Amino acid sequence: MINLGTIAGLHRHQHELAAYCPQCDRWSVLPLARLIDEGKGALRLPVRVHCRACGTAGRLQVRPPVPTRTGTVGWTSPAD
């Protein structure tokens with residue numbers, strides 16, 4: 001079983017944690033490695049985040065690693 005319930009668990013399994021500000025209509029990806037270096041790796045989700053621009057509480061989104069496939073552009077294969 002993999003643990004995605006902490007900052008360190010997300011980082012270990014190559015997930016991202018993004019926050020959305022509904023007031024500013026913008027996304028920001030949280031720097032998981034930096035948070036771990038600051039001793040916050042054991043924080044359990046959900047964590048509370050606030051927008052740096054306006055201070056509104058952010059909405060979190062866990063993003064899994066994007067699968068890759070060599071020789072393709074995006075999700076489709078190049079035309080022959």
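The secondary structure of the chain, in this predicted model, consists of two helices and three strands, where helices (H or I, at least four residues) and strands (E, at least two) are DSSP runs numbered from the N terminus. Read from the N terminus on, these elements follow the order α-β-β-α-β. Residues are numbered from 1 along each chain as its sequence is written, and side-chain values use heavy atoms, with hydrogens and water left out. Because the model is predicted, local features need pLDDT of at least 70 and side-chain atom pairs count only at pLDDT 80 or more, whereas totals for chains, interfaces and linings use all residues.

Of the 80 residues in the chain, 24% are buried; here buried means under 20% relative accessible area, exposed over 50%, and partly exposed in between, with a 1.4 Å probe and protein chains only. The chain exposes about 6100 Å², of which carbon and sulfur atoms supply 53%, the areas coming from the Shrake-Rupley method with a 1.4 Å probe and, for residues, only the protein chains shown counting as cover. Contacts (heavy atoms within 4.5 Å) between residues at least 6 apart in sequence join, in 58% of cases, residues at least 24 apart.

The largest pocket holds about 450 Å³ of space and is lined by 21 residues, among which Ser28, Leu30, Val49, His50 and Arg52 lie nearest its centre. Strand 1 (16-21), strand 2 (26-29) and helix 2 (32-37) are the elements that give two or more residues to this lining. A pocket is an open set of points, on a 1 Å grid over the protein atoms alone, where a 1.4 Å probe fits, with protein on both sides within 12 Å along at least five of seven lines, and lining residues have an atom within 4 Å of a point. Grid points are joined across faces, edges and corners, and the volume is the space filled by probe spheres set on the points. By class, the lining has twelve nonpolar, four polar and five charged residues, with Ala, Val, Leu, Ile, Met, Phe, Trp, Tyr, Cys and Pro counted as nonpolar, Asp, Glu, Lys and Arg as charged, and the others, Gly among them, as polar.

Leu30, one of the residues nearest the pocket centre, is found in the loop between strand 2 and helix 2 and is buried, with a relative accessible area of 16%. Beyond its neighbours within four places in sequence, Leu30 is in contact with Leu17, Ala18, Ala19, Leu35 and Val49. Ala19 is eleven residues from Leu30 in sequence, and their C-alpha atoms are 7.2 Å apart.

Two salt bridges are present, each defined as a side-chain nitrogen of Lys or Arg within 4 Å of a carboxyl oxygen of Asp or Glu. Relative accessibility is 42% for Arg34, 44% for Glu38 and 36% for Lys40, and each residue is classed as partly exposed.

Some backbone features lie in loops. Gln14, in the loop between helix 1 (7-12) and strand 1, has a positive phi of about 60 degrees although it is not a glycine, and is exposed at 61% relative accessibility. Asp25, in the loop between strand 1 and strand 2, likewise is not a glycine but has a positive phi of about 55 degrees, and is exposed at 57%. The peptide bond from Leu45 to Pro46 is cis, with omega near 0 degrees, and Pro46 lies in the loop between helix 2 and strand 3 (59-63).
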